Structure formats: C-alpha cells, structure tokens
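This report walks through one structure, from chain-level totals to individual side-chain pairs. Keep the model open while reading.

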Amino acid sequence: MEPSTPLWVPVLQTLVVFAYFLLFTALLIWAERRVVGRMQSRIGPNRIGPGGVLQTLIDGVKMFFKEDVTPSMVNNPIYTVAPLVGVIAGFLTVAVIPIGGEVTLFGEEFTLVVADLHVGVLWVLALSSLHVYSTFLAGWASNSPYPLMGGIRSSAQMISYEIAQGLAVASVFVYAGSLRVSDIVAAQAGSGPIAGMPGWYAIPLFPAFVVFVVGMVAEAGRPPFDLAEAEGELVGGFHTEYSGLRFGMFMLAEFMSVVVMSAIVVTLFLGGPSGPTFGLPDAVAWVMPVFWFTLKTAAFVFFFILLRGALPRTRYHRLMDLGWKVLIPVALVWVLVTAAWVLVSEAGGISAATRTWLAVGAGVIVIALLLTGERQTARATDADVDAWDDPDRDDPDRDAKPRAPHDEEVAP
Amino acid sequence: MTLLAQVAPTAGGTAEVVVFWVFAVIALGSAIAVISLRNVVHGAVMLVLNFLSIGGLFLTLESAFLSVIQVLVYGGAIMVLFLFVIMLLGVDRDDLLQADLRTRVLAIAGGALLAGAVLFAFVGPYTSEASVCGPDAPAPGPGEVACAGLAEAYDEDDGAGARFLGRSLFTTYTYPFELAALLLTVATIGAVILARRRDLEPEDEDLADLDAAAADDLDGDDLDGASGAAAERHVAGDGPGTTERGG
C-alpha cells in the first residue's frame, strides 16, 4: 500500500471483502438447505423472509442466545481456542483473493482485494494448513472418544490432501511464473489460443484442476469426505461436545471454507473476476468483474451442495487410497510436465499458443491413463467385493464351484 | 543494537521494530512454554505458536517467502504430524517426563553448551554494525561479516525472495540440498523397515482371516440361527436392567 493512500481505502477494502464472504456464507447455508431439501423431496426452510432466505440469520441469533455448555472434563484453554482458530484462518485466507477489478471511488483507484501479497498463493496454502488445528485440537480437547476419532481422522485426511492440493497449486504458479494472485489472474485474463475461448488455467492445467477440485472437497471436510464429523459413526465427530455459539463457529468455519475454497479454485483456475464487460460505461463497469466472480464461485458452491445431496460418505481407506495413490502421483507428474513446457517455451522453443495445446494434449493423456487405471482398480475392488458377498458362501459344495483367486489361497 | 529493519532501504521504520519486538517476545515466551508445560499437547501447541512467531520474524527480515514457508511446512504440516502421533499413541501423559537430578543437570549443561556454540559461531559474526545492510555500513573488521545477499534478493525483484532462494538452492547449493533430501529418504526407509511386521502378509491375509471368521459365524447361525437371535434379543432387553442395578 503506498503511503499516499488515505486510510479509508484499506478499511473499505477489508470491510467489503469481509462482508462479501460472510454474506456468501449465510446464503450458502440457506441454499444448501433448500437444494438438499429439493433433492430429498422435502421443502426445506421457507418461513422467514422470501423463500426462507433469512433462516440463517435467525439461526445465528438462536445460537447466540443458546446456553454454551462446557463439559467439565474438557481441556479448557485448547477447547476454547479451537473453534476460533477455524474461523480466523477462514477469514484470513480471503485476504489475498480479489473479488473484483479496479474500482474508482472519490478519486481513489483501488482493487477489491485486501492484500495482494507477493506470496499470495502460498498464503492460501499456509492458512488452510493451519485450519486443521481447529478440528484436530477440538477433537483432542473434548476429552471424549468420538471427538478424538474425528480429530485424528481429520488431521490424517487434511495432511494427505494438502499435499495433492499444494502440488496442484504448484503447477499453477510454475505455469504463471509468479506467486502473486493478481499476476495469476492477469495471466488468465485474455482469450486462449482460439478466439473467444477463455484463457483459464483450467484448460491447459486440466489434471491439476481436477486434483484441486477433489482436494478442496476433502480439505473443506464436506460430503462425501466428511469423515471427521461422520454423524452415523461418530455422533458429531470433533464437535460432539460443543454447543451454542462455539458450535456455531465450527459451522461457520465449515461453510465458510466451502465458499473460500470455491473462490480459490475460481481465482487460480477459472480466471477469477475476469470476464467480458459488454462495453458498459466506466461508472458501472466495475460491477461486471464482481458479477463474474460471484457467478463462478456460486457455480462451485452449487457443486459442493450437489455433492452433498448426491453422494454417500466414502470409506476411510478409499479416501486415503484416492489421496495417496491417485491424486498425489497425478499432481506430481503434472508439476513435471508443466515445468517441462515452461522450460521449453522459455528457451524460445515454442510459442505460448503451442504451449497451451501441448499442455492440453498432455492433460488428456494423463486423464486417460488415470481413468484406465481407476477402472482396473475398481474392477479389482469389485472382484474383492464379489468374493466377499458371494451368495454361494454357505453352499456345502462351494469348493466345487469356480471361485475368485483371492479365496483359493485361504481354503483350509 | 540496530535492527536490520531500521536501516534496510525498503523498510518503513518504527512499524517493523514494533513487529519485531512483538514476535520476538512471543517466540521466546512460547519456546520457554514448550519445555516447561507438563502436558505434551500443550507443549506442542506452544511450539506451533513459536513457529508462527518465527514466521513473523522472517517478515521483519523482508523475506515473505520464508515466512509463509515457515508457517506452511513447520507450523502446518510437521506440527500436525507431531500432534497426530502424540494423540494416536496416547503419549499425552506427564509421567513420561520424569527425569532424575543427574539427567537434569546434564541436560542443562548440554543445552547451555549448544546455545553458546550456536551464538558464538553463527550469531556472533553478524552482530556488528558492518552486518547491517544499509547505505552507510562500515567495512567489516576481523571476525565480522559484511551484509550480503539482501541486495541480490532485491535485484531479483519478485519482492519475496522466492526466485532468489530457488535459484541458489538448485544451482549453488545443489549438493547440500540433495544430501538433505537423501537423509530424509533414508530416515523414511528406516522407519518403514523398523515398523514393518514380518509375521503376517499385509491386507490380503487380514481379509482372509475375516473371511474365514465370517464363514464360521454363518455356519454357526445355520445350526441354531433362531435361538441365537433370541439370545441377542434377551441381551438387548437386559441392558437397561443392568444399568439400573449399577446405578
């Protein structure tokens, strides 16, 4: 920030970004309840405000006045701090995300971002790695078996997916040549090799995009990867012992991380606030970037909601298999491939457009390999399951029938 | 003592000094808490705080990249693994921390020796005026080290030191870098070898055991399935009565 900027500019930037994400989160909670309700053939909240849109507000008020029970066995300083960590980390993450373009107000020109750090992308990763402490320490400090299970699950899950996500982000900043979020957004602003095609990184870096999207669902701890709070197995997971406002903070942090993760994927892979302005006059043209950013982020938020409504929770070992055996290798290979294209084009070998096409081609190959590999794995797993659920298992002459090779080894 | 932040060309002055003192006090305080708190998890959380404040100190040294990496790698990944192991193994009891007097004296002496050596060898040469990067730094005397590196970092002009650090790590210091990587790999392989259990085949064998057990269960059910279910109902019905007697 230059010294000449008056104080109200950073204050306004901070307030606008803060209010934007808070409002987005409140609307997400309402939208999720309505959409999941629709998917489950019920209505969802529809009483307060038009279509029930103010339900979240009322719920917030309710949580504020509910009794906040602290069980006597908890480990107190950490029990109190844990929910705060999640909310604080969530709100700090959004500091580097530009929600709009240049705005001119009272003769001051500024961007709708709190802080455009030189290391903005790493800032996002660093804070999401601190977010783990919220669920993890809450689980431990509750001094109760199910929360501890939830906390341990969440830490293992988040560490695993953080690696994959970090590698996916690495290929973005290798490709862009900068760690600064505004540079990455600017690099995606033009059109791609074909006129009219957006220059989004999701196209040349498609495998990284896929890895990041899967990883962000796991990082946000959302269904189908919500093993940390799996209500069918662990009561409420890490937040079982929490009530009142402190439970509200966990809820806010979780839904907030959905919005934040969507905003990050939009910023890194889908051009952030860039988009056509349709030749609007300058006075209102600043609305368009905010509109595009909101639209793209809302699309990903909707994707999160659909996932929750459509998919059952994965089993734990499947989650780990996916993270370590699929996502991390793909992301690693993709960092190498990206670095190779960048080096070749830096040496003057190929033009930027050629580089994009090469990257698209390599991405198709990686995804194709991944899908074949996954199908084989799935077939192998299905074979296991078939052997397990074999209807002939109680058949007296089961040994006479052809069996899966797996069972041959154990025949006594 | 003059702080680097007070004379570096792009530094702002008092704000950096304030930030330095805040983070320095938190870093020292949390470091003392790490070794003095009885609860292992509390100690680990204090270590996280310590890493975060050291990240803050890197910021006052104009290295945003190192600062974020400190938070990401040490504050995030490594400490989460630490806590994970502490919680998984349930070693958060303080009876592991008993030490007799002789061990304590030896530990204090060893710690003091190590701290002294580090201060003398690595910090000492940098405490003179010559080490402070600025337009009017005097020439280094004997045993003093002149300011170096910051100018090159600024020349690279990505403002965070990432490019400079990456280039020097992968060109000038490739050998130590690879050596450190090798060391970590050897440690990982060693851990895997130590932790491996030789007596059973992984995964398949487990599944096979379960399979056989399940088959046995089912066989049993075939013999007296109805009475087994009745027994289960009986146990379930007995539950509340048992608790009443207990209370």
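Buried means under 20% relative accessible area, exposed means over 50%, and partly exposed lies in between (1.4 Å probe, protein chains only). By that rule, 22% of the 247 residues of chain B count as buried.

## Basis of the values

This is a predicted model: local features need pLDDT of at least 70, side-chain atom pairs count only at pLDDT 80 or more, and totals for chains, interfaces and linings use all residues. Residues are numbered from 1 along each chain as its sequence is written, chains are lettered from A and ligands numbered from 1 in the order in which they are written, and side-chain values use heavy atoms, with hydrogens and water left out.

## Chain B overall

Chain B has nine helices and zero strands. Helices (H or I, at least four residues) and strands (E, at least two) are DSSP runs, numbered from the N terminus. The order of elements in chain B is α-α-α-α-α-α-α-α-α.

Contact means heavy atoms within 4.5 Å. Take the contacts in chain B between residues at least 6 apart in sequence: 46% of them join residues at least 24 apart. The accessible surface of chain B is about 16800 Å², and carbon and sulfur atoms hold 68% of it. Accessible areas come from the Shrake-Rupley method with a 1.4 Å probe; for residues, only the protein chains shown count as cover.

## The nonpolar core

A nonpolar core is a set of buried Ala, Val, Leu, Ile, Met, Phe, Trp, Tyr and Cys residues joined through side-chain atoms within 4.5 Å. The largest one has 122 residues. Among those with the most contacts inside it are Phe21(A), Phe212(A) and Phe269(A). Helix H9 (residues 244-269) of chain A gives the most to this core, with 15 residues.

Which residues does Phe21(A) touch, leaving aside its neighbours within four places in sequence? They are Val94(A), Ile97(A), Ile99(A), Met256(A), Val259(A), Ala263(A) and Phe293(A).

## Salt bridges

A salt bridge is a side-chain nitrogen of Lys or Arg within 4 Å of a carboxyl oxygen of Asp or Glu. The structure holds seven over all chains. In one of them, Glu32(A) meets Arg222(A) at 2.6 Å, N to O. Glu32(A) sits in helix H1 (residues 8-39) of chain A and Arg222(A) in the loop between H7 and H8, so the pair ties together parts 190 residues apart in sequence. Glu32(A) is buried at 3% relative accessibility, and Arg222(A) is buried at 0%.

Arg222(A) also pairs with Glu254(A), with the closest N and O atoms 3.9 Å apart. Glu254(A) lies in helix H9 of chain A, so this bridge ties together parts 32 residues apart in sequence. Glu254(A) is buried too, at 17%.

Asp226(A) forms a salt bridge with Arg313(A), the closest N and O atoms being 2.8 Å apart. The two are 87 residues apart, with Arg313(A) in the loop between H11 and helix H12 (316-346) of chain A. Asp226(A) is buried at 8%; Arg313(A) is partly exposed at 26%. Shared partners join Glu32(A), Arg222(A), Glu254(A) and Arg308(A) into one salt-bridge network.

## A nonpolar surface patch

Patches use residues with over 30% relative accessible area and no salt bridge: like charges are joined within 9 Å, nonpolar side chains (Val, Leu, Ile, Met, Phe, Trp, Tyr) within 5 Å. Val284(A), Trp286(A), Val287(A), Phe291(A) and Leu295(A) form a nonpolar one, with about 420 Å² of accessible area together. Helix H11 (residues 287-310) of chain A supplies the largest share, three residues. Leu295(A) lies in H11 and is partly exposed at 45% relative accessibility.
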